Amino acid sequence: MAKDTARTTGLDEVPLGESAVVTGFANDCSPIRLVELGFIPGSKVTPLRKAPLGDPIEYALVGGRVALRASDASSILVRSRP
């Protein structure tokens, strides 16, 4: 049986071009706005590119693209594979 090497991190830690799955939100945030933007638990998200100074970051979601500040992205918990 293969060992599951998935780990949970903040979305801001996912490298550009690598996909992750949204698992939830940090305790200190209100997820309503983030869910309305498309960050729904169970959905796939991929960081595409950073602004010239590194913030915000553009993310591909099902149905579109969204740019978020790193502080907001850190509130989104994702499961990724190292």
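Start with the aromatic rings: the chain holds one aromatic pair, where rings of Phe, Tyr and Trp (its six-membered ring) pair if their centres lie within 6.5 Å, and planes under 30 degrees apart count as stacked, over 60 as edge-to-face and the rest as tilted. Select Phe39 and Tyr59. Their ring centres are 6.3 Å apart and their planes stand at 80°, so this pair is edge-to-face. The pair links distant parts of the chain, 20 residues apart: Phe39 sits in the loop between α1 (32–37) and β3 (44–50), and Tyr59 in strand β4 (residues 57–61). Helices (H or I, at least four residues) and strands (E, at least two) are DSSP runs, numbered from the N terminus.

This is a predicted model, in which local features need pLDDT of at least 70 and side-chain atom pairs count only at pLDDT 80 or more, while totals for chains, interfaces and linings use all residues. Residues are numbered from 1 along each chain as its sequence is written, and side-chain values use heavy atoms, with hydrogens and water left out.

Are Phe39 and Tyr59 buried or exposed? Both Phe39 and Tyr59 are buried, a term for under 20% relative accessible area, with exposed over 50% and partly exposed in between (1.4 Å probe, protein chains only).

Next, select Val66, in strand β5 (residues 64–68). Val66 counts as buried because its relative accessibility is 13%. Now show what surrounds this residue. Leaving aside residues up to four places away in sequence, Val66 touches Leu37, Phe39, Ile57, Glu58, Tyr59 and Leu61; contact means heavy atoms within 4.5 Å. Both members of the aromatic pair, Phe39 and Tyr59, are thus among the residues that Val66 touches.

Then zoom out to the whole chain and colour by secondary structure. There are two helices and six strands, in the order β-β-α-β-β-β-α-β from the N terminus on. The radius of gyration is 12 Å, close to the 12 Å that the globule rule gives for 82 residues, so the chain is as compact as a globular protein of that length. That radius is taken over C-alpha atoms, and the rule is 2.2 Å times the number of residues to the power 0.38. The C-alpha trace spans about 40 × 25 × 25 Å along its principal axes.

Finally, colour by burial: 34% of the 82 residues count as buried. Among contacts between residues at least 6 apart in sequence, 59% join residues at least 24 apart.
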